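Please look at the structure shown here and follow the paragraphs below with it open.

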Amino acid sequence: MPPRTNHLGLARNEYKGRPSTLCPGCGHDSISNQIISMAYELGLEQHKIIKVSGIGCSSKTPAYFLGGSHGFNALHGRMPSVVTGALLANTDLSCIAVSGDGDTGSIGMGQFKHVIRRNVPFVYIIENNGVYGLTKGQFSATADEGQFLKYYGTNHMPAIDLCLEAVIAGATFVARSFSGDAKQVQALLQAAVRHPGTSVLDIISPCVTFNNAETSTKSYPYGRDHEIPLHEIQILAPDYVDAKEEITIGDYDEGDILDVEMHDGSYIRLKKLDNDHDPRNRRLAMDVLERSMREQIFSTGLIYYEEPRPTLADTEELVETPLARLNAEGLRPSQAALEGVMQSLMVG
Amino acid sequence: MAINAQTQSKTLTREPVINDFAFSVATKNGSGSQTSNNVLVTSLFRMGIPVNGKNLFPSNIKGLPTWYTIRASKDGYTARKAITEIVVAYNDGTATEDVSSLPPGGVCVTTDKIARVINQRDDISYYEIPVAKLMRQTKVPSAFRKLVENMTYVGAVAQLFDIPVDLIYQVLLDNFKGREKPARMNHDIVELAYDWTAENIVKTDPYRFEHMDGTHGKIMMTGNDAGALGAIFGGVNVVAWYPITPSTSFVDGVMSFRHLRQTEDKQNTVAIVQAEDELAAAGIIVGAGWAGARSLTSTSGPGISLMSEFAGLAYFAEVPAVFWNITRMGPSTGLPTRTSQGDLLFTHFLGHGDGRQICLMPGNLKEAFEFGWKSFDIAEALQTPVFVISDLDLGMNNWLSDPFDYPDQPINRGKVLDADELQSFIDEHGKWGRYLDVDGDGIAYRTVPGTDHRFAGYFTRGTGRDEMATYSERSDDWVATMSRLRLKMDTARGMLPQPIVDDGSDADIGIITFGTNDEAIREARDWLTNDGIKTNYLRVRALPLAASVSDFIDAHKSVFVIENNFDGQLTQLIRLEHPENISHVRPLALGDGLPMTPSWIYENLKEQEG
């Protein structure tokens, strides 16, 4: 039987990258798999996507998905600036960027906040495991206060909540998920990729080697037992050919359904669970995050959403043709233009 | 004027000195003297007098001393003079020192108030302007008085040294972009002081300006503006920067010329992003260069320090981008508002590990413009960062120049493959790899994101890789990469702007320099020639060094490397690249924070040569 293909006629295999070199069972590989599925399901064209990352275990992963896309494994904590430049150079591109909790929460905190502030439209995935893997197990800035690790003892500093930082910085799409919750990760990726603003996905992604003890809130056992989704998420996307799922309300009452309309006309349908979270309310979003942190509740889902404000390229009032594709005429003014400037600088 | 009586009788008999002297305006920073000084220098320029204005300013917003020196030279010399004959002493804090630095026969224009506190000399002329009294006579609203007070010295200088007062009005009008109200308000003060000076001061000095034909067809501009204009004509698309003296006005220049590249419906082809720091500025331009745009940042030493990690990445990953280093005095925060050539070695070797960066060193306005556009062609042709090393003196001061030449070469995007070309490449070579060198010049073919071909994508990284851009930790792959990068740098030597050489004489002495020392050297060489000392001259304009530098060194018995840094950095580089028979190569390195003067070069070269 021939493999199933998407509307571009491509099999899912075509969206894979090189084999992963991460530890077997690493949460990051599950996320890579969901990125592959997302691009396949939505029928994205790989040449229109760039993959950018910083440095660390998570930042290696763009090599493991979308092999047909250009990728840039940049510097530690500096992925946001590279993305900013690349997307100014070519506004036709979409970007899936991968960072980690060290890459974003420590060395890259400044760039994280400022890329959100500039509203560069891309998917900013943080694969958050609370620990430095490649340097063998130091605490990261998202590690729980009071946590104990074998070589580095007890972490005495409070954790930084990257979703909260994103909301405060002005992000218009902020979500938290768990790499073990494939369905939710998939739904959030599908929504994030079509959001014309910085979309922050903080995905708790266990490090099986250095931080997977049951006592760690970033572990598989903890995540499986404690994840409390705020809602079930379904993406209703009329403009994507492969979004053929039947749109049903199912067992839910009308009042338990929240349809968040996105910029492109599609909807994020949120089926409420036992809470009143409305991601369109900034105050509620911050309350959920603060309560989750205080009470150690692993809340996941779409935390905050708002209609995106103008992107950086919008505020720059750029021409429609991507800057990288301008021809010589668009790049060099005429000889008369230079002579005009020279004349204005001469005597009389 | 009683204090001048003695002086008058001494100086009246002196021969007139016309269009060949310098004056220094000493004020307090933030007192609005910038307009006054610009008006003076522009007026002289429009009188046809070759002129140059240099701003010696503090790292401060308001209050600290600042000096603006204007040199008029009928012979067209525009280097800084070591001695200024005239001082406008409008800062009580420095007036005593300003007066003591005048040569005998010099002139001090000051306020009546300051005159009371300075030590009087009997060998110079003093002219005291009753500024407070004059200001009381004006109709200027009190809110503006402090801002226009400096126009009193413009009026006095105009009367004393013969600058037409109606010309000053025209210059003021241009300065205020045709708005008559502020021009008139300022000019009223100028006229008031002009008339008062005519009635009350007896001129006792020999200095005078006179109309001449020395600036016809010339332009006056700062190097930062010239470089920015060059970048606009070089097709810059993405500018990212973080404010830092003395490079900030470079980006201001890009902003002011951006309209030249707007579409008819005012859409931009140049994005300008003020980043959160220099790290991000570098990241933005590297990202943009990687994605196929022409990108630029402008910074100075501390910013270059922060950019070093991205510079190393861009060098290794072979990403084009242009970095302007408007050098100020280091190390560390150093002297933020003083000029220097002290970043030469640092910039050339920027980044950890092995490697060299391409550097271009403009020596004048025309080259600032030329390297402004050419740097993008070089960066894209070589697929590497290009550093343009200018300095504060060129960047922020007004220089006289011939008009700029329109680029004489078409835009060169280098070896970039679109989808069809990529297919042809694969048909011809069986495969394409990002770092596959099929031409043997060290430069491979690249694709940019968005290229619609299934094999166009590749993975860019700062880690080890093979020629197919696949991750590799193999020693042979690493050595092959480094060898090819070295080959690329050797290819670069012949592609970069070659040295400017004047070796027409059979001189035993050769002078080597780079950058903005050029004007001072030109004048010093004329003085040496007058003394019967012949010299040849080579000005390096790019790194890695051109082969002709070695030939020049070998062809002279004595070689002086003149540079405005403390350590003699170009000398060190020459010793590194040309290690044999160089005992006759000696540095004349200064690095005192000021633009080099002809007299320093003249005296030190003579002394060293014995």
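Helix 2 and helix 7 of chain B cross each other in the right-handed sense. The model is a predicted one. In the crossing, helix 2 of chain B contributes S36(B), V39(B) and L40(B), while helix 7 of chain B contributes M151(B), Y153(B), V154(B) and V157(B). Sorted by class, the residues of this contact are 6 nonpolar, 1 polar and no charged. Two packed helices are described by the angle between their axes and the distance between those axes. Here the angle between helix 2 of chain B and helix 7 (residues 151–161) of chain B is about 25°, and the axes lie 9 Å apart. Angles under 35 degrees count as roughly parallel, and helix 2 and helix 7 of chain B are therefore roughly parallel to each other.

Helix 1 (residues 27–42) of chain A and helix 7 of chain A have axes that come within 9 Å and cross at roughly 50°. That angle makes helix 1 of chain A oblique to helix 7 of chain A. The crossing of helix 1 of chain A with helix 7 of chain A is right-handed. From helix 1 of chain A, the residues in the contact include I31(A), I35(A) and M38(A), and from helix 7 of chain A they include V185(A) and L189(A). The contact of these two helices has 7 nonpolar, 5 polar and no charged residues.

Helix 7 (residues 182–192) of chain A lies across strands 4, 9, 10, 11 and 15 of chain A, and runs at about 160° to strand 9 of chain A. What is the order of the strands in the open sheet? The order is 11(A)-15(A)-9(A)-10(A)-4(A)-3(A)-1(A)-2(A)-18(B), which makes 9 strands with mixed pairing. At the edges are strand 11 (227–229) of chain A and strand 18 of chain B, each of which pairs on one side only. From one strand to the next, the twist averages 20°.

Strands of a sheet pair through backbone hydrogen bonds, either parallel or antiparallel.

The next step is the contact between the chains as a whole. In this contact, 64 residues of chain B meet 50 residues of chain A. Elements of chain B that give two or more residues to its side include helix 2 (33–46), helix 12 (278–290), helix 13 (301–317) and strand 18 (459–461). The largest share of the chain B side, 9 residues, comes from helix 12 of chain B. By class, the chain B side has 36 nonpolar, 19 polar and 9 charged residues.

Chain B is assigned domain 1 (2–208), domain 2 (221–401), domain 3 (419–495) and domain 4 (500–609). The centres of domain 2 and domain 3 of chain B, taken over C-alpha atoms, are 26 Å apart. Domain 2 of chain B puts 14 residues into their contact, and domain 3 of chain B puts in 13 residues. On the domain 2 side, helix 13 and helix 15 (365–382) of chain B each supply at least two residues. That side divides into 9 nonpolar, 3 polar and 2 charged residues.

Note on methods. Residues numbered from 1 in each chain as written. Chains lettered and ligands numbered in written order. Predicted model: local features only at pLDDT ≥ 70, side-chain atom pairs only at ≥ 80, totals over all residues. Contact = placed C-beta atoms within 7 Å. Helix = DSSP H or I, 4+ residues; strand = E, 2+ residues; numbered from the N terminus. Nonpolar A, V, L, I, M, F, W, Y, C, P; charged D, E, K, R; others polar. Pairing = 2+ DSSP bridges. Axes fitted to C-alpha atoms, helices over the stretch in contact; angles between N-to-C directions. Parallel < 35°, antiparallel > 145°, perpendicular 65-115°, else oblique. Left-handed = near helix turned anticlockwise from the far one by under 90°. Domains from an automatic or database assignment.
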